[in-house]
Amino acid sequence: MRPVVPFHLPLAALAACLLLSACGAPPGGAPPEEGTPQMGVMTVSAQPVTLTTELPGRTVPYLIAEVRPQVGGIIQARKFREGSDVKAGQTLYQIDPATYRAAYDSSVAALAKAQANLRTTQLKADRYKDLVAISAVSQQDYDDATAALGQAVADVSAAKANVESTRINLAYARVDAPISGRIGKSSVTPGALVTASQANPLATVQQLDPIYVDVTQSSASLLKLRQAMAQGDLETAGTGAAKVRLVMEDGSTYPREGRLEFSDVTVDQNTGSITLRAVFPNPDADLLPGMYVKAVVQEGVKGRGILVPQQAVLRNGAGKPTAFVVAADGKLQLRVLETERTVGDQWLVRSGLKPGEVLVVDGLPRARDGIEVKTVPWQPRGDKSAAVGAQR
């Protein structure tokens, strides 16, 4: 009987040979790309850049007045709707005026009495003046008549002052709005007893158009800003007050532009910050007191600022910003940059780049210092118009 030769061993050996000879590429890797890499580039340029800073803040009424009674009594009527707009001088509450009207009428009568007595004493003094000249009355009688006249004049003046005082109290029985604005909820209802200058206000009126926005900025940032202006790195943004824009709590932008009104003169010792106040038009009352907002304040204008897309800036092992530029020979050069801040989706570069240089924006994963590359104009996403940059 012939022995059976197992032919599965040669097949296994053949499979092993095929595996060993397949593609010299190492496992898990891809073959290196051939040819010159292509990079999307732009030409670096200098331009005026308006610098802004975003600061947290709260809205504050332009004017605010707490309504309090200046005389005591029972509230007869409330003559406004809570949450409505009121005008200065508009009647808000009516206090029972009966006692104040009676006091006023009494003071008017007292004035009439004093004026009648004055007329009598005036006539008597005039007669005694003529009689004392011919010795028909004694000098003492004339002096008494003159003194009585002076007292009558004083009585009339006191009575007039009393009339004015009672008139004012009678007028205070009608509680008027001290300013124009929007009135809040009422703390009393008709029938309530109120007292003069009580601690609790009857209501509060707030002027909302325009409206203030108070923001805080660190004193260190303010000093840095002033130093930049003193050194000429920054220029003031126009001759008027700095412009301010608002970002609402939901991320939307307030449609109307405001202006910086003033900055406080004292630094908060607890926070090291200073308060800035901006004023905004608010005709539709979209801004209400106490709202949290973010104010974008213009700091100044950098006359020759260099802005580059954020995607063109990388970080080296030390964490410093870097970028690639294309030299005149078509080879890449790695630059270490010094950046100041972000402006939108761009970096403001202080040093490391010069106007006219060709900056690599797209294709950075293949960028290496010293390699030769091809360049095409880089276009921002969504911008299909004319190319931006340099064609090499």
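User: Which strand is Pro 210 found in, and which residue does a cis peptide bond join to Pro 210?

Analyst: Pro 210 is found in strand β9, which covers residues 203-218, in what is a predicted model. As a general idea, most peptide bonds are trans. In this case the bond that joins Asp 209 and Pro 210 is cis, with an omega of about 0 degrees.

User: While we are in strand β9, is Gln 217 buried or exposed, and which residues does Gln 217 touch?

Analyst: Gln 217, which is also found in strand β9, has a relative accessibility of 6% and therefore counts as buried, since the cut-off for that word is under 20%. Leaving aside residues up to four places away in sequence, Gln 217 touches Thr 53, Leu 55, Leu 222, Ser 273, Ile 274, Leu 276 and Glu 299.

User: What share of the contacts in the protein with a separation of 6 or more comes from residues 24 or more positions apart?

Analyst: Residues 24 or more positions apart account for 75% of those contacts. As background, the protein has 4 helices and 20 strands, and 33% of its 392 residues count as buried.

User: How should I read the packing of two helices, and at what angle do α2 and α3 pack?

Analyst: One reads the angle between the helix directions together with the distance between the axes. Helix α2 (residues 98-133) and helix α3 (residues 139-172) pack at about 160 degrees, and their axes are 7 Å apart. The two helices are therefore roughly antiparallel to each other, since that term is used for angles over 145 degrees. Their crossing is left-handed, and the contact of α2 with α3 has 21 nonpolar, 9 polar and 7 charged residues.

User: How do I read a sheet, and in what order do the 4 strands of the open sheet come?

Analyst: Strands of a sheet pair through backbone hydrogen bonds, either parallel or antiparallel. Here 4 strands form an open sheet in the order β6-β5-β3-β8, with antiparallel pairing. Strands β6 (174-176) and β8 (193-194) are at the edges, and each pairs on one side only. Strand β3 (residues 73-78) runs antiparallel to β8 and is joined to it by 2 bridges, and Gly 73 has Val 194 as its bridge partner in β8.

User: How many bridges pair β15 with β16, and which residue of their hairpin takes a positive phi?

Analyst: Strand β15 (residues 321-326) and strand β16 (residues 332-336) pair in the antiparallel sense over 5 bridges, and Phe 324 has Leu 334 as its bridge partner in β16. The hairpin has 5 residues between the strands, and Gly 330 takes a positive phi there, near 85 degrees.

User: Lastly, is Val 265 buried or exposed?

Analyst: Val 265 lies in the loop between β11 (258-263) and β12 (273-280), and at 79% relative accessibility it counts as exposed, because the cut-off for that class is over 50%. Between Val 265 and Leu 276 there are 9.7 Å in space, C-alpha to C-alpha, and the two are 11 residues apart in sequence.

Terms used
Residues are numbered from 1 along each chain as its sequence is written. This is a predicted model: local features need pLDDT of at least 70, side-chain atom pairs count only at pLDDT 80 or more; totals for chains, interfaces and linings use all residues. Side-chain values use heavy atoms; hydrogens and water are left out. Axes are lines fitted to C-alpha atoms, for helices over the stretch in contact, and angles run from 0 to 180 degrees between N-to-C directions. Angles under 35 degrees count as roughly parallel, over 145 as roughly antiparallel, 65 to 115 as roughly perpendicular and the rest as oblique. A crossing is left-handed if the near helix is turned anticlockwise from the far one by less than a right angle, and right-handed if clockwise. Ala, Val, Leu, Ile, Met, Phe, Trp, Tyr, Cys and Pro count as nonpolar, Asp, Glu, Lys and Arg as charged, and the others, Gly among them, as polar. Two strands pair if DSSP finds at least two bridges between them. Buried means under 20% relative accessible area, exposed over 50%, partly exposed in between (1.4 Å probe, protein chains only). Contact means heavy atoms within 4.5 Å.
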